[in-house]
Amino acid sequence: MGLCSAGALQWGPGHRGGRAAMEYGEKLARFRQAHLNPFDKAPEELERPPGGDPAMFPAPERRLEPCPGDPEGSERPMDLGLAEDHFSRPVGLFLASDVRQLRQAIEECKRAILELPEHSERQKDAVVRLIHLRLKLQELQDPSEDEPNIRVILEHRFYKEKSKSVKQTCDKCSTIIWGLIQTWYTCTGCYYRCHSKCLPLVTKPCVRSKVSHQAEYELNICPETGLDSQDYRCAECRAPISLRGVPSEARQCDYTGLYYCSSCHWNDLAVIPARAIHNWDFEPRKVSRCSMRYLALMVSRPVLKLREINPLLFNYVEELVEIRKLRQDILLMKPYFITCKEAMEARLLLQLQDRQHFVENDEMYSLQDLIDIEAGRLSCSLTEIHTLFAKHIKLDCERCQAKGFVCELCKEGDVLFPFDSHTSVCADCSAVFHRDCYYDNSTTCPRCARLSLRKQSLFQDSSTEAEP
């Protein structure tokens, strides 16, 4: 008794304050364990839904609580609760959670992360659990079943995607689209992609409408006017930008010459038509998202008339001269196929279904044509098609062979066709001659002379019949 009194006198009020603090910490831990963490409740305290199967709601084991004299490094009940994986299967409460329970679990996990030591393994595990809980909550809240499959906004025709495994980037908010748990739409016209929640925020009209109404390129190389002409704002969304990156970095589009913010300019690369036509330069340059989609839609449209834009290009690019000759020959073969039953049944002209303008004229080019010419692909493929067409006319089909010509100047027996390399065609009557014979003979074309005489005789006969 005296020893206790002496000890009390020796320890004084400081010891009593420390003991009170330990008792308060113990009560606080018990309060958190009983009220804040729904996974640490005893079996008799665990709330079950009416009619719920006890097997689906297993009760966690009761853990021993630390004594007030335990060392500081020992785990508190809250820490022991986090050490177990309450958020993974087969814990029944997580499997049967609704939105309210998930939100409660998310708040619990947030508080636990703040209480745990920074950069510890337990805190990292809690962060991972928090991510899984949020993904589960977003999956439950996703209104994918109630949303329509097609939505029309600013001439966009958005179609709800069915894929759940493709990872895309939203063109509106510039964040990742997780197809597994999020609903997203793609415009069938310009391939603009965005979350379903971002659809009401779309302000950019569909680029395909511009292609349909104004299908032409900017043919000036990077027509820059300066940031001051844009009022130091993005050319598309009008967000403040500057070359210093404050408040947002100004990125120049090499196609339009305008400056855009990082949300409208993702440093996408594309071939610039003006550089290809004027400099025969096909190096991809950085363009804005809008320009990239426009160029992608325009790449196969034959809107470039090279003879008017840059006629000197044919003097410096030999491949262009070769392609022009092949296209001219194909246009001369076209009348044979149109009047040939076998050619129509074989659908030979469908060999050029990807380049229909090749069977319509020899002047218009698409940007994809120029890209393939520079890469050497178009010359090879067009030569094969030219050989196939010529083989049908000259060897395989007797009807097409019967439509050949005999040179009326030299009277030799070989059959000539207008697409042969050693022939010349009369511009007036389309008769075919040997090239040497045609240029050596300076007289009038025999067929033209014959047609002229026939017209004169018919005129004289009609005038004679008209006399009384």
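Residues are described here as buried when their relative accessible area is under 20%, as exposed when it is over 50%, and as partly exposed in between, with a 1.4 Å probe and protein chains only. By this definition Cys-340, at 1% relative accessibility, counts as buried, and Cys-253, at 0% relative accessibility, counts as buried too.

The structure is a predicted model, in which local features need a pLDDT of at least 70 and side-chain atom pairs count only at pLDDT 80 or more, while totals for chains, interfaces and linings use all residues. Residues are numbered from 1 along each chain as its sequence is written, and side-chain values use heavy atoms, with hydrogens and water left out.

The pLDDT, which is the predictor's confidence in each residue on a scale from 0 to 100, averages 78 over the chain, and 74% of the residues score at least 70.

With helices (H or I, at least four residues) and strands (E, at least two) taken as DSSP runs numbered from the N terminus, the chain has 17 helices and 14 strands. Buried residues make up 37% of the 468 residues, and of the contacts between residues at least 6 apart in sequence, 57% join residues at least 24 apart. The chain exposes about 28300 Å², of which carbon and sulfur atoms supply 53%; accessible areas come from the Shrake-Rupley method with a 1.4 Å probe, and for residues only the protein chains shown count as cover.

When a disulfide is taken as a pair of cysteine sulfur atoms within 2.5 Å, the count comes to 0 disulfides. Cys-253 is in no disulfide, and the nearest cysteine sulfur, that of Cys-222, is 7.8 Å away. For Cys-340, the closest cysteine sulfur belongs to Cys-397 and is 3.5 Å from its own, which is too far for a bond.

Val-127 has its place in helix H5, which covers residues 121-141, and at 35% relative accessibility it counts as partly exposed.

Several loop residues were also examined. Ser-430 lies in the loop between strand S13 (423-425) and strand S14 (432-434), and with a relative accessible area of 43% it is partly exposed. Leaving aside neighbours within four places in sequence, Ser-430 is in contact with Phe-405, Val-425 and Arg-447, whereas Ser-430 and Cys-448, 18 residues apart in sequence, are 9.4 Å apart in space, C-alpha to C-alpha.

Tyr-232, in the loop between helix H6 (207-213) and strand S7 (251-252), has a phi near 55 degrees, a positive value in a residue other than glycine, and at 47% relative accessibility it counts as partly exposed. Asn-267, in the loop between strand S8 (259-260) and strand S9 (268-270), has a positive phi as well, near 60 degrees, and is partly exposed at 32% relative accessibility.

Notes: Contact means heavy atoms within 4.5 Å.
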